Amino acid sequence: MTNAPETSAEDSLIARYFKPLATDPGALALVDDAAILSSSGEDIVVTTDAVVEGVHYLATDPPDTVAHKALRVNLSDLAAKGASPAGFVLTLALRSKEDAWLRPFADALGEDAKTFACPLLGGDTVSTPGPQMISITAFGRVPKGRMVGRTGARPGDLVFVTGTIGDAALGLDVLTGGAAAAAVTDPAARDYLIDRYRVPRPRNALASIVRDYASAGMDVSDGLAGDLAKLCAASGVSAVINAHHVPASPAAAIAVPVVGLEKLVSGGDDYEILCTVPEGRSAAFSRQAELAGVEVAMLGTITSGQGAPQWIDAQGREVTLRRLSYSHF
């Protein structure tokens, strides 16, 4: 009699929680140590982001929201590049393999994989004595040569951003007892801000529109002000930005008099699309975004030169920002 091959705890974990998510044929049912991703003559866009307990999410955050965030921050990058999701690989560093955490995490990950048509292709699981970490590398497809990079902004282009800015930073502030916790007392507003911190809204519905109209683009992850400066530096340009045009949700507007504008534009975790559009195409871009159900705001104009973007208020006075973005180091 031949003994059955021994199954490791890691293999059992993968089979129980993640094999059901690997529905794409290229995943090879997670029985191999590689996957196949067909390009069909398109360019493959690759992006990777990790979320670390205590840095990108709190230890008390529900596991389903951690799963949503881990995948969606990558989907946001693909959207800003004009790419359609093709799949992802997952690396999990876990302290334990408790079903109470892994089951809702895996279920939520599967929901998003289906919703955004971004199937699991493979990955790795390891144990760690330290904070948990989830790293995802996502793949997207664009027509040959059509990826929207950071280097295409030109003087005269208009600067757009999707959605609202600052909600996530304020949500974290509420959770950790910061100034926003005292400023925002309405329960519904607090819940909205917390949800925006925990569960990003990637603008994948806008991907093809960004690809068709934008000259440059990136997602807003570290902070609008800092990410705009990065885009301008990559393109060798500068910008004049109307601070009063930064879109804020009603919940964020409650906190602004207390926390200030700088908190909104430098806090990060927005996962909105920042892009530049030639002026002659801006009206059509705005119309297409509206048809896609994504709100966009025009913030200002790209200018020549290579200095830091200038922020001005409604009276035309310069706004000084001491902090532009979140930094890990």
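Guide: Helices and strands here are DSSP runs, numbered from the N terminus. Keep in mind that this is a predicted model.

Visitor: Does Val 31 count as buried or exposed?

Guide: Exposed means over 50% relative accessible area. Val 31 has 67% relative accessibility, so it counts as exposed.

Visitor: Let's turn to aromatics. What describes a pair of aromatic rings?

Guide: The distance of the centres and the angle of the planes. Rings of Phe, Tyr and Trp pair if their centres lie within 6.5 Å, and by that rule the count comes to five aromatic pairs. One of them is Tyr 17 with Phe 18, a tilted pair at 6.3 Å centre to centre with 55 degrees between the planes.

Visitor: Which residues form one aromatic cluster with those two?

Guide: Trp 101 and Phe 105 form one cluster with Tyr 17 and Phe 18. Tyr 17 counts as buried at 3% relative accessibility, and Phe 18 is buried too, with a relative accessible area of 2%.

Visitor: What lies over the face of Tyr 197?

Guide: That's Lys 69, at 3.9 Å from the ring centre.

Visitor: And the backbone: what is phi of Tyr 271 near?

Guide: Near 55 degrees, a positive value in a residue other than glycine. You'll find Tyr 271 in the loop between helix H10 (261–266) and strand S8 (272–277). Its relative accessible area is 7%, so Tyr 271 is buried.

Conventions
Residues numbered from 1 in each chain as written. Predicted model: local features only at pLDDT ≥ 70, side-chain atom pairs only at ≥ 80, totals over all residues. Heavy atoms only, no water. Buried < 20%, exposed > 50% of the residue type's maximum accessible area, 1.4 Å probe, protein only. Phe/Tyr/Trp six-rings, centres within 6.5 Å; stacked < 30°, edge-to-face > 60°. Lys NZ or Arg CZ within 6 Å of the ring centre and 35° of its normal. Helix = DSSP H or I, 4+ residues; strand = E, 2+ residues; numbered from the N terminus.
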